[in-house]
Amino acid sequence: MAQQNKFDYRITQEGEKWNAEITRRVSARRTSVSKRQNGFENEALAEAWAKEELVQFVQNLQAATIRKADRRIVRNELAAKAEADKIAAAAAYEAKRIAAMEAQDQQEDEEA
């Protein structure tokens with residue numbers, strides 16, 4: 001089975017004009033157009049635009065992926081800290097409650 005790139009470009013002609021499209025492979029049978037530029041004078045101009053734009057498009061996607069990963073790391077750290085704080089607060093409450101019950105038992109023993 002041949003491997004294809006997730007992103008590629010396609011050049012088409014409509015009458016005298018050429019069109020360039022940045023395409024994304026959605027599935028083995030379906031592709032989607034991510035970016036399009038119409039009205040090039042010749043095929044060479046359309047192909048040059050498509051190649052240059054494809055490189056920039058993929059770089060932008062990679063940068064976005066890195067930004068999302070950084071935000072996910074921060075979000076996970078904050079969630080872990082919040083969970084640790086919650087556990088610590090529950091433990092402190094339980095210790096305080098046990099101490100109060102022991103103090104009450106001790107007070108009742110002294111009164112009796």
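Leu 45 is found in helix 1, where helices (H or I, at least four residues) and strands (E, at least two) are DSSP runs numbered from the N terminus. With a relative accessible area of 44%, Leu 45 is partly exposed; on this scale buried means under 20% relative accessible area, exposed over 50%, and partly exposed in between, with a 1.4 Å probe and protein chains only. Although Leu 45 and Ala 20 are 25 residues apart along the chain, their C-alpha atoms are separated by 9.2 Å.

Before I go on, a word on what we are looking at. This is a predicted model, in which local features need pLDDT of at least 70 and side-chain atom pairs count only at pLDDT 80 or more, while totals for chains, interfaces and linings use all residues. Residues are numbered from 1 along each chain as its sequence is written, and side-chain values use heavy atoms, with hydrogens and water left out.

Now the overall layout. How does the radius of gyration of the chain stand against that of a compact globule of 112 residues? The globule would come near 13 Å, but the chain has 32 Å, with the radius taken over C-alpha atoms and the globule rule being 2.2 Å times the number of residues to the power 0.38. Along the principal axes, the C-alpha atoms fill a box of roughly 105 × 30 × 20 Å. Of the 112 residues, 13% count as buried, and the chain exposes about 9,200 Å², of which carbon and sulfur atoms supply 51%; these areas come from the Shrake-Rupley method with a 1.4 Å probe, and for residues only the protein chains shown count as cover.

Let me turn to the strands, which pair if DSSP finds at least two bridges between them. Strand 1 (residues 7-14) and strand 2 run antiparallel and are joined by eight bridges, with Thr 12 having Asn 19 in strand 2 as its bridge partner. Their hairpin has two residues between the strands, and in it Gly 15 takes a positive phi near 65°. Strand 2 is also joined to strand 3 (residues 31-40), again antiparallel, by seven bridges, and here the hairpin has five residues between the strands. Across this second pairing, Ile 22 stands opposite Lys 35 in strand 3.

Is Thr 23 buried or exposed? Its relative accessible area is 8%, so Thr 23 is buried. Asp 8 stands opposite Thr 23, and, leaving aside residues up to four places away in sequence, Thr 23 touches several others, among them Phe 7, Tyr 9, Val 33 and Ser 34, where contact means heavy atoms within 4.5 Å.

The largest nonpolar core has six residues, namely Trp 18, Ala 20, Phe 40, Ala 46, Trp 49 and Ala 50, a nonpolar core being a set of buried Ala, Val, Leu, Ile, Met, Phe, Trp, Tyr and Cys residues joined through side-chain atoms within 4.5 Å. Strand 2 (17-25) and helix 1 (43-111) are the elements that give two or more residues to this core, and helix 1 gives the largest share, three residues. Ala 20 touches residues including Phe 40, Ala 46, Trp 49 and Ala 50.

Finally, the rings. The structure holds two aromatic pairs. In one of them, the rings of Phe 40 and Trp 49 have centres 5.9 Å apart and planes at 45°, so the pair is tilted; rings of Phe, Tyr and Trp (its six-membered ring) pair if their centres lie within 6.5 Å, and planes under 30 degrees apart count as stacked, over 60 as edge-to-face and the rest as tilted. Phe 40 counts as buried at 14% relative accessibility, and Trp 49 counts as buried at 19%.
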